[in-house]
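Please open the model in your viewer and keep the selection tool at hand. The tour below goes from one selection to the next and says what is there.

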Amino acid sequence: MAMAMATAKLVLLMVLVAGSSCGGSAWRGPLSLLRTLPTTTAAQSVEAAAERLKEDLSSAASSASASSSLIHALRPLMGSAGDLGLRAGVPCDSWRLAVETYNKRDWTTVPGSCEGYVGHYMLGGHYRRDSRVVVDEAIAYAEGLKLAGNGKEVWVFDIDETSLSNLPYYATHGFGTKPYNATSFNEYVLEGSAPVLPESQRLFKKLISLGIKPVFLTGRTEDQRAITVTNLRRQGYSGWMDLLLKPVGLKATAIAYKSGERQKLQDAGYVIVGNIGDQWSDILGAPEGARTFKLPDPLYYIG
Ligand SMILES: [Mg+2]
């Protein structure tokens, strides 16, 4: 509260000072109030206001430092990051950041109160923008690589939420707030209707043009190969070197399974120059690849 009052006073003071140096007559803001005062009184008022502001800021700073350090006195006025989540009653943006940075692990569902937040994030353009930054970095990295010229460089792509989007499914199932339902999700997969993730496909096509071979490595199972190929082709993917699916019934964590498949690629003489996925389990576990890229995914967690 002290901070808010201090910042409000600062704004008023700035208006007063700015107004006092402005000779225009059309403006009828606080300057007109100032003009009703004798000059000396106005100057004294400004000085007094400045002194009170100084005291208030000092007071606010000391009270803020009791719980956290003050970064900048104006920051709360500017609506810094965090407000949107807090307005919803839960800091959903902080929750999402913890998920993306792998500070939060082993979670099963999106917090119920964050359904709207996640939905807006996924559908409102933010998700696409975040993905674009990741892919821009990946392309810049790929363009800077010196290739051996023997056709052995490969780039590993995950499929779900990396190459294809299951957002149509999640949009009708609570945006990840409901427990995973293998039956209904697999029914959706078998439709082969998952749309492309355009930024990832931009990377995919760029890599082919550079001479780097894409390899799909997915947690989808071998019995979903045909529909997965159909879905990928429907969405404009072609020219991949391999599509690696999980054997039906294999009991292994995602990290163990995927790192094992990457090891096989490496043992066969391929050089994994890049690896991109939406889950941390896509990009953890040696050999990860020379460089990894994490796409956003606040919908679900695969350990
Ligand atoms: Mg995935």
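The protein has 13 helices and five strands, where helices (H or I, at least four residues) and strands (E, at least two) are DSSP runs numbered from the N terminus. This is a predicted model, in which local features need pLDDT of at least 70 and side-chain atom pairs count only at pLDDT 80 or more, while totals for chains, interfaces and linings use all residues. Residues are numbered from 1 along each chain as its sequence is written.

Of the 303 residues in the protein, 26% are buried; a residue is buried if 20 or more other C-beta atoms lie within 10 Å of its own, exposed if 12 or fewer, and partly exposed in between, with C-beta atoms placed from the backbone. Among the contacts with a separation of 6 or more, 73% are between residues 24 or more positions apart, a contact being two residues whose C-beta atoms, placed from the backbone, lie within 7 Å.

**The sheet**

Select the five strands next, and you will see an open sheet with the order E3-E2-E1-E4-E5 and parallel pairing; two strands pair if DSSP finds at least two bridges between them. At the edges are E3 and E5 (292–294), each of which pairs on one side only. On average, neighbouring strands of this sheet are turned by 20° against each other, direction ignored.

Now go through the pairs. E1 and E4 run parallel and are joined by five bridges, and Val154 stands opposite Ile272 in E4. E1 and E2 also run parallel, with four bridges between them, and here Trp155 stands opposite Pro214 in E2. Four bridges join E2 to E3, again parallel, and Phe216 stands opposite Leu243 in E3.

To follow the chain between two of these strands, select E2, helix H11 (residues 225–234) and E3, which make a right-handed β-α-β unit; right-handed means that, with the strands pointing away from the viewer, the path from the first strand over the helix to the second runs clockwise.

**Helix H12**

Select residues 254–267, which form helix H12: its 14 residues reach 20 Å from the first C-alpha to the last, close to the 20 Å expected at 1.5 Å a residue, the expected span being 1.5 Å times one less than the number of residues. Which residues of H12 are buried? They are Tyr257, Lys258, Ser259, Arg262 and Leu265, and what covers them includes strands E1 (153–157), E2 (213–221), E3 (242–246) and E4 (271–277), together with helix H13 (280–283). After H12 comes Gly269, whose phi is positive, near 100°.

**Two buried residues**

Move on to Trp95, whose place is in helix H5 (residues 92–100). Trp95 counts as buried because 20 other C-beta atoms are within 10 Å. Not counting residues up to four places away in sequence, Trp95 touches Pro111 and Cys114; from Trp95 to Cys114 the distance is 9.0 Å, C-alpha to C-alpha, although they are 19 residues apart in sequence.

Finally, select Asp297 in the segment after E5. Why does Asp297 count as buried? The reason is that Asp297 has 24 C-beta neighbours inside 10 Å. Leaving aside its neighbours within four places in sequence, Asp297 is in contact with Glu161, Asp278 and Gln279.

Terms used. Axes are lines fitted to C-alpha atoms, for helices over the stretch in contact, and angles run from 0 to 180 degrees between N-to-C directions.
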